[in-house]
Amino acid sequence: MKDLKLAGDKSQKSVIKVGDVCLGGKEIVLIGGPCAVESSIQMEKAAASVRRSGGKILRGGVFKPRTSPYSFQGLGLEGVNYLVQAAREEGLLCVTEVIDLRSLEMVVDKVDLLQIGARNMQNFELLKLAGKVNKPIILKRGLSATIEEWLLAAEYIMAAGNSQVILCERGIRTFEPSTRNTLDLSAVGVAKELSHLPVIVDPSHAAGRRDLIASLSKAAVASGADGLLIEMHPNPEEALSDGPQSLTPEQFMTLAQDLELVAQSVGRNFVSRETRETLETLRSEIDLIDHTIVERLSKRMQIVRKIGDQKRLDKVKDVGRERDILQRLVPLAEELQLSPEFIKRIYSYVFEFSVQSQIKSKLTGDDQLESLCPMGGK
Ligand code: PEP
Ligand code: MN
């Protein structure tokens with residue numbers, strides 16, 4: 001590709017430094033936030049979640065290039081201020097998409113990175129404008145762009161004077177309708193083979209559905225991506241755009257934790273929590289853990305009720321099974337520096353409520369049977 005004079009110069013791998021964040025180095029950089037900025041409180045919650053999960057950059061669109069002219073188009077300048085303020089308060093960097101000269105001029109001195117979206121990847125005038133600014137540009141791959149076209153778009157920015165380009169694979173249009181786009185993970189390797197630029201992956205716009213984001217993100221890290229750009233909303237059900245593909249803050253945190261191992265296994269670093277430990281950040285961490293504990297307890301009780309359905313009423317309490325469980329959990333607790341007494345006490349409650357719940361569900365079930373067979377045909 002002879003025209004990749006700058007993007008294709010492989011003499012040195014580019015590491016793009018923004019504040020204290022390096023894109024293209026050993027660390028996996030996590031970028032998160034809602035599709036669109038909607039309010040200051042939404043951005044505060046999103047920023048707190050990004051920071052708690054070890055993310056370094058807050059995203060949020062304020063100029064939304066929507067497929068329909070009737071869809072929410074973004075809050076413009078008001079939204080940038082919410083984005084910037086939320087990021088600053090949490091010690092994060094921030095990025096937003098620009099779509100033309102006017103939007104670029106409005107945000108360039110406020111945010112830390114600019115994004116050029118898939119729909120504008122071949123907006124050559126915009127690419128040249130991006131080449132004139134001194135801010136890193138996240139360049140999304142176009143909806144139907146080949147890797148060569150994508151790299152040539154990067155070349156436009158670089159030829160105009162800005163070498164700080166980060167490529168972002170976000171899925172391409174294929175014949176497959178079960179996902180919004182098809183995430184092309186081979187593009188990560190190909191783009192890295194052909195250029196020296198950092199490559200990040202946006203699984204959200206690729207999948208279009210939240211259930212696939214975690215596995216695609218892990219696969220992206222394994223495939224060599226330098227970072228992830230993931231949509232996360234404090235309340236996805238109420239999002240004004242891209243709610244179905246947005247993770248909840250809890251899902252975002254769980255994914256971040258899982259990414260640590262994946263990153264390690266491919267020789268990269270990622271720390272799924274912020275390093276600044278204040279009373280407030282520690283409490284937020286506790287809040288998230290408590291949330292998970294209650295969710296898991298609820299799941300446990302659901303299974304307990306199913307087991308109850310298979311037991312006889314007079315055999316609901318199973319002392320032997322309780323002993324077995326504790327025999328496994330107590331050594332684990334000790335290994336994890338928890339007092340055995342603590343675990344035994346918690347589990348005495350768990351067992352007590354489980355037995356009660358099984359009895360109750362059996363009695364209700366039997367009542368139902370009774371009302372179905374009033375003659376007592378059990
Ligand atoms: C976005 O990131 O908000 C966005 C619109 O993505 P894309 O340009 O990849 O569709
Ligand atoms: Mn979006």
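1. Where in the chain is the place of Gln337? Gln337 sits in the loop between helix 11 (319-335) and helix 12 (340-372), where helices (H or I, at least four residues) and strands (E, at least two) are DSSP runs numbered from the N terminus. Gln337 has a positive phi of about 60° although it is not a glycine, and with a relative accessible area of 73% this residue is exposed; here exposed stands for over 50% relative accessible area, buried for under 20%, and partly exposed for what lies in between (1.4 Å probe, protein chains only).

2. The model is predicted, with local features needing pLDDT of at least 70 and side-chain atom pairs counting only at pLDDT 80 or more, while totals for chains, interfaces and linings use all residues. Residues are numbered from 1 along each chain as its sequence is written, chains are lettered from A and ligands numbered from 1 in the order in which they are written, and side-chain values use heavy atoms, with hydrogens and water left out.

3. As to the overall form, the secondary structure of the protein chain comes to 12 helices and 10 strands, and its C-alpha atoms fill a box of roughly 85 × 50 × 40 Å along the principal axes. Of the 378 residues in the protein chain, 47% are buried.

4. Glu231 belongs to strand 10 (residues 227-231) and Asp242 to the loop between strand 10 and helix 9 (249-265), so the pair ties together parts that are 11 residues apart in sequence.

5. Asp242 deserves a separate look. Its relative accessibility is 17%, so Asp242 counts as buried, and Glu231 is buried as well. The side chain of Asp242 makes a polar contact with the side chain of His205 (3.2 Å); such a contact is a pair of N or O atoms within 3.5 Å, where within protein one must be able to donate a hydrogen and the other to accept it, and residues adjacent in sequence count only if both atoms are side-chain atoms. Asp242 also has a positive phi of about 55°, although it is not a glycine.

6. Ligand 1 is surrounded by residues that include Glu97, Gln115, Lys140, His205 and Glu231, a residue being near if one of its heavy atoms lies within 4 Å. Polar side-chain atoms lie 2.7 Å from an oxygen atom of ligand 1 in the case of Arg59, 2.9 Å in that of Lys64 and 2.6 Å in that of Arg170. Taken alone, ligand 1 exposes 290 Å², and the protein buries 97% of that, by the Shrake-Rupley method with a 1.4 Å probe.

7. In helix 6 (residues 186-194) the buried residues are Ala187, Val188 and Ala191. Seen down the axis of helix 6, these fall within an arc of 105°, so they line one face of the helix; the arc is that of the directions from the helix axis to the C-beta atoms. Ser186 and Glu193, on the other side of helix 6, are exposed.
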